[in-house]
Amino acid sequence: LNVSGMMKNKHLSDSVRRQCFYKFREYITYKSELYGIKLVIADRFYPSSKTCSHCGSIKKDLKLKDRVYSCSHCGTVIDRDYNASLNLSMYKLA
Ligand SMILES: [Zn+2]
């Protein structure tokens, strides 16, 4: 399959992307069961990037280009992706 060509077509690329995520989820579900790991799928609307991993306040105006998370509430300055990964590691189903 010409995946890179398909990715140039908006409608096709969306379905290719969905299919990849579906496969990825199927794969991690299978691996988790195999190794007895409890898999938690976070809600798609959970603001893992916008939440401060230190104090829990939410930065509504965080932009995609903001690579560093700087909390206006507690002053924490942390790498954006690291902040999101900390939040997801602490994520619990409500
Ligand atoms: Zn904070």
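Mentor: Start with Y91, which is buried, with a relative accessible area of 16%. (Buried means under 20%, exposed means over 50%, and partly exposed is in between, using a 1.4 Å probe and protein chains only.) Before we go on: this is a predicted model, so local features need pLDDT of at least 70 and side-chain atom pairs count only at pLDDT 80 or more, while totals for chains, interfaces and linings use all residues. Residues are numbered from 1 along each chain as its sequence is written, and side-chain values use heavy atoms, with hydrogens and water left out.

So what does Y91 pair with? The whole structure has one aromatic pair. It is made by Y46 and Y91: the ring centres are 4.7 Å apart and the planes sit at 65°, so we call it edge-to-face. (Rings of Phe, Tyr and Trp, taking the six-membered ring of Trp, pair if their centres lie within 6.5 Å; planes under 30 degrees apart are stacked, over 60 edge-to-face, and the rest tilted.) Because Y46 lies in the loop between α2 (10-35) and β1 (68-70), and Y91 in the segment after α3 (80-89), the pair ties together parts 45 residues apart in sequence.

What do they hold? C52, C55, C71 and C74 are the protein donors of the zinc ion, each through SG, lying 2.3 Å from it. (Donors are N, O and S atoms within 2.8 Å of the metal, or 3.2 Å for Na, K and Ca; water is not among the atoms, so sites may look incomplete.) Along the chain, the spacing of the donors reads C-x2-C-x15-C-x2-C. The angles between the four donor atoms run from 108 to 111°, which makes the arrangement tetrahedral, a label for four donors whose angles all lie between 85 and 135 degrees. C55 is partly exposed, at 33% relative accessible area, and C74 is partly exposed at 34%.

Note on methods: Helices (H or I, at least four residues) and strands (E, at least two) are DSSP runs, numbered from the N terminus. Four donors count as tetrahedral if all angles lie between 85 and 135 degrees; four count as square planar and six as octahedral if opposite donors are over 155 degrees apart and all others between 65 and 115; anything else is irregular.
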